[in-house]
Structure formats: structure tokens, C-alpha cells
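This briefing goes through one protein structure by topic. Please read it alongside the sequence and the model.

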Amino acid sequence: MPPLADCRFFRFIIPNMENQIRLPVAFSNVVRDNMSNPVEVITTNGQSWSISWFVEEEHPHQVVFTGGWRAFYKHYHLRIGDSMLLSYHQPKFFYAAIHDTTYFEINYGRNLRNGSLPAIPAHGNYAVQFFAIIPVNDLDTLKLPLRFSREYGRSLPRPLTLTTPTGHRHRVGWNMQPNGRIVLHGGWDGVRARYGLRDQWLVLFRYHALQNTMYVMFFNGHTMEINYLAHAGPGTDSTCITDPSAPRSRHIADGFRSTNPFFVIPIMHRLANRFLPNVPPLPGVCEDSPITITNDRGAWTIRFTHYVGRTNGCFGIGWSALATACQLRHGHVCVFEWLVPQEYRLHVY
């Protein structure tokens, strides 16, 4: 299971769910002793709902949302076949994205500008979110919804790069069927094999139109998000989660060996302690959160600041002390290796 600060799962609306909704057993087993009651459920458009819950006495002792759930259900006109993506930030907050029966996130009807949804903390802004169900007995292809294909197919790059929450990138080919529907093919079988994806599992797509970037998340048969790093395999080298363009940075990234995700930042300014480097989205790190960076010279707490409306951010408070202690200079290349959520190891070249 991913760290609880970023634990995500789906819930589908089924009959007799107007008054209460049960959360997954695996999630309930971990959080029921420490989760606040009530919790705050915040939808993508920023509206907050206070919902109380209880734990069922009978096995398997699931957490059940009750008080406040009916008002939430009626307000968004939920119906059988709709679904919700819930992201839990312990101990109190859930971020909820509601999808209709076409698997697309709904138009919440408020606070929408130019067709784009407001930013969810730590995720940045995106144009559209939808999911697809992996078909039975088809290892090589995955069909995207016709609505997405028609609205964004003309601008979609070839090949399409799929980026996971850990920053791993996978290039996948695609073609368009005569009816206008996009089908992923070349490379998709490798993605399925890499993460052990099975028939009927869910793939969530979050498309950033301005950056022309597609982020993906995978959910197992219990509708829980998978642990991506568990599927890297023992001894398997991880890949750089950035795409360095400078020849020296690219050479260092290609030669760096680790089973952990990492990213590369070249020092471009003569005064490295005043240069605040841009960094990619960090797995498990929310907006304006402290992270720990260590190397042979010591350990430092650095503030990660997320740029509003963008997918990247920067290192802020604490960076000057690190740059000074590590004697960073113009021309150095820094490799940041992810050890655990909110802790990185710095390698200087």
C-alpha cells in the first residue's frame, strides 16, 4: 500500500448506497484506529463536506461513512454506476474526484475556468481525468474512451509518455480506429508486465493539456492503488524521473545505478546557494512540505514548494544551507535519490 498521506482507492456507487458507503477492507484495517471522526471530504472544485463514520461490528470491520453522506450523495446526484476516487491525507482529509458512468470526472458546475478543473493539492492543474478498465484476455492493447479521443486526439503526441506517481516514464504507441477511438498498443504490454496489471484492474488517466503530459495510476482488483516500487523487481535499476537535456546531466543520469527513483539537477548559477532549483513532482510529498536530504556531509531539512497550476516546484528554505555545506559550484550535477517518502539522498558530480 502507498504511504497513507497518498493512499488512493475507488468506490463504485451500487444499489442501496444513498445513506452509507463502505470503504475497502485493506484501507479500513490500517486507518480505523487513528482516523479523525468526522473527516472532511473535499471535492475537486474545493467544496468541503463533514462526514462521520463508524466501524462495522461484524467481520471484516469496514469503515462506513454515514452522517453527512446522504447530503453529499444527493448534492452531486450520484447514481448507480458512478464512482469516486478518494485520496486520503491522514488523519482527517479525503480529496474526492467523482466520475460518471462514462468513466469521466464530472463537471462540478462551479469554480470552473476555461474547461479546466482547479488544482488538487500536490497534483497541479489538469484538463481532464478519466479511467479505463483493463479488458479480459487482451495483453497488448487498451482502448481510451471515445470522448477523450475526439477532444484531444489531434494534439496527443506519438508515442505517448505515461508517467506514474513515482515519476517513472513509459513510452507507449497508439493508433486511432476508424470510429475515432484511440488504442494504446506498442509498449502497453511492457507496462502491464512491469506493474503486474491484471484483467479488470483500473487505469486512471490525468491529462495535462498545456504540458501535453499524461499521468497514470493503477488500481488493483480491490480498487486500491498499487505499490509501484514493489513491482520494480529485485536488482532492477530504476529510471531517472526527469529528462535532462544537457549532455553531461544526461550522461550522469544514464550511468547512475539505483533501484530507487531519482532525478537530476545541474547547478547553472555561479552562486549555488542563491539558486533555487526547479524540481519535478515528488512522490508522497504535498505542497509546501519539508523533506530531508542527506549525504556524507550531513542532513538538511528543505522546504518543497509546489508551483500553483503547474506540475513542478522548487526547493526553498533550507537549500542555501545545503548548497553551502556541500560546496556546490557552477557545473556540478546533483542526483537526488528517493529513499523513503520525504527523504532523499544527494549525490554530487
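**Sheet, cores and selected residues**

In this predicted model, three strands make up an open sheet with antiparallel pairing, in the order β12-β16-β15. At its edges are β12 (142–143) and β15 (174–176), each of which pairs on one side only. The protein as a whole has six helices and 25 strands.

**Overall figures**

- Of the 349 residues in the protein, 49% are buried.
- Among contacts between residues at least 6 apart in sequence, 59% join residues at least 24 apart.
- The protein has an accessible surface of about 16,400 Å², and carbon and sulfur atoms account for 50% of that surface.

**Strand pairing**

- Strand β16 (residues 182–184) runs antiparallel to β15, and three bridges join the two.
- In this pairing, Trp174 is placed opposite Leu184 of β16.
- Strand β25 (residues 343–348) is joined to strand β21 (residues 289–295) by three bridges, and these two strands run parallel.
- Ile293 has Tyr344 in β25 as its bridge partner.
- Strand β24 (residues 333–340) runs antiparallel to β25, with six bridges between them.
- Cys334 is found opposite Val348 in β25.
- The β24 and β25 strands form a hairpin with two residues between them, and Gln342 in the turn has a positive phi of about 70°.

**Nonpolar cores**

- The largest nonpolar core contains 68 residues, and Phe94, Leu184 and Phe205 have the most contacts inside it.
- At least three residues of this core come from each of domain 1 (7–110) and domain 2 (127–225).
- Another core, of 24 residues, lies apart from the largest one; Ile267, Ile291, Ala323 and Cys334 are among its members.
- Leaving aside neighbours within four places in sequence, Phe94 is in contact with Phe9, Leu23, Phe27, Met35, Val39, Glu40, Val41, Ile42, Phe65, Leu86, Ser87 and Tyr88.

**His99**

- His99 belongs to strand β8 (residues 93–99).
- The relative accessible area of His99 is 0%, so this residue counts as buried.
- A polar atom of the His99 side chain lies 3.4 Å from the backbone oxygen of Ala97.
- The His99 side chain also makes a polar contact with the side chain of Gln129, at 3.2 Å.
- Beyond neighbours within four places in sequence, the contacts of His99 are with Phe10, Asp82, Ser83, Leu85, Phe104, Glu105, Ile106, Gln129, Phe130, Phe131 and Leu204.

**Thr223**

- Thr223 sits in the loop between β18 (213–219) and α5 (247–255).
- Thr223 counts as buried because its relative accessibility is 13%, and the limit for buried is under 20%.
- A polar atom of the Thr223 side chain lies 2.8 Å from the backbone oxygen of Phe10.
- The side chains of Thr223 and Arg11 make a polar contact at 3.3 Å.
- With neighbours within four places in sequence left aside, Thr223 is in contact with Arg8, Phe9, Phe10, Arg11 and Pro24.

- Leu184 stands opposite Trp174 and is one of the residues with the most contacts inside the largest nonpolar core.
- Cys334 stands opposite Val348 in β25 and is part of the core of 24 residues.

Terms used: Residues numbered from 1 in each chain as written. Predicted model: local features only at pLDDT ≥ 70, side-chain atom pairs only at ≥ 80, totals over all residues. Heavy atoms only, no water. Pairing = 2+ DSSP bridges. Helix = DSSP H or I, 4+ residues; strand = E, 2+ residues; numbered from the N terminus. Buried < 20%, exposed > 50% of the residue type's maximum accessible area, 1.4 Å probe, protein only. Contact = heavy atoms within 4.5 Å. Areas by Shrake-Rupley, 256 points an atom, 1.4 Å probe, with all protein chains shown as cover. Core = buried A, V, L, I, M, F, W, Y, C linked by side-chain atoms within 4.5 Å. Domains from an automatic or database assignment. Polar contact = N/O pair within 3.5 Å; in protein donor to acceptor, adjacent residues only side chain to side chain.
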